[in-house]
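Open your viewer and get ready to click along. We will take the stops one at a time.

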Amino acid sequence: MLVIAHRGASGHAPENTMAAFRRALAMGAKAIEFDVHQTLDRELVIAHDDDLKRCGRKKRRMRNLRWKGEGENLDVGAWFGERFRGERLPRLEELFELVPSSVELHLEIKHGSNVYPGIEERVADFIRERGALARTLVSSFDRAALYSIRSLDEKVRLGYLLGVTALKTAFKEMKDLSAQSLHLSVRQTTARAVKAAHDRDYKVFVYTVNTPAERDRLADLGVDGVFCNYPELDLWR
Ligand code: G3P
Ligand code: MG
């Protein structure tokens with residue numbers, strides 16, 4: 001079972017920052033998950049939230065943020081701890097430069113073109129141009145974003161985040177999308193759901209797993225991977 005560092009080693013460093021990604025690599029992570037947004041001036045950046053509340057900018061939304069002169073100067077570390085003050089909002093480019101090609105990348109698109117115009121094409125081009133199709137899995141709760149990526153590129157690997165969709169609908173859409181994996185929350189992960197996915201040759205990835213007991217229960221259910229804020233869960237077995 002693959003242990004995927006969720007938002008980097010986000011139990012140890014501010015999530016989705018270069019500090020969290022470096023920490024995950026130092027801990028031997030074989031795969032890293034992160035969330036992607038797009039700024040007003042079309043920069044692909046890594047962050048989880050749609051807004052900047054945690055950075056002390058209550059009213060500011062990512063889609064209205066300019067990278068040039070604003071996003072590039074944003075402090076995304078201090079909320080987690082004083083020693084992380086000065087961490088900058090990472091661009092997708094920086095992460096791909098940091099992570100060795102042996103490490104799998106789980107790129108979650110937070111919203112498609114309805115919020116971030118053209119993001120699907122930008123992400124697909126980005127992955128293709130870097131020769132990273134094999135090591136990158138693109139996932140989203142946003143179905144339209146997944147369909148858009150698939151219409152742009154038949155090779156991008158897709159993961160389907162279930163959210164509130166019924167499993168039956170999910171399997172139909174996953175077939176249309178040629179998706180490879182079903183992504184479930186811990187609560188959604190039942191033996192029945194895992195079997196139904198495996199019967200259709202889909203992998204099952206589960207978020208967010210932070211204790212050895214949960215990890216072991218999911219391993220017993222036969223899931224293929226778990227997203228963990230603590231990549232050391234790969235070691236304590
Ligand atoms: O991709 C798995 C997980 O990251 C989905 O939820 O909110 O942590 O991005 P969230
Ligand atoms: Mg995510």
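A polar contact here is a pair of N or O atoms within 3.5 Å; within protein, one must be able to donate a hydrogen and the other to accept it, and residues adjacent in sequence count only if both atoms are side-chain atoms. This is a predicted model, in which local features need pLDDT of at least 70, side-chain atom pairs count only at pLDDT 80 or more, and totals for chains, interfaces and linings use all residues. Residues are numbered from 1 along each chain as its sequence is written, chains are lettered from A and ligands numbered from 1 in the order written, and side-chain values use heavy atoms, without hydrogens and water.

Start with ligand 1 and select His 48: one of its polar side-chain atoms lies 2.7 Å from an oxygen atom of the ligand. Next pick Lys 110, where a side-chain N or O atom is 2.7 Å from a ligand 1 oxygen. Glu 33 also places a polar side-chain atom 2.8 Å from an oxygen of ligand 1.

Now move to the magnesium ion (ligand 2). Which residues coordinate the magnesium ion? Select Glu 33 (OE), Asp 35 (OD) and Glu 108 (OE), at 2.0 to 2.2 Å; donors are N, O and S atoms within 2.8 Å of the metal (3.2 Å for Na, K and Ca), and sites may look incomplete because water is not among the atoms. Along the sequence, the donor residues follow the spacing E-x1-D-x72-E.

Finally, color by accessibility. Glu 33 is buried, at 4% relative accessible area (buried means under 20%, exposed over 50%, partly exposed in between; 1.4 Å probe, protein chains only). Glu 108 is buried too, at 6%.
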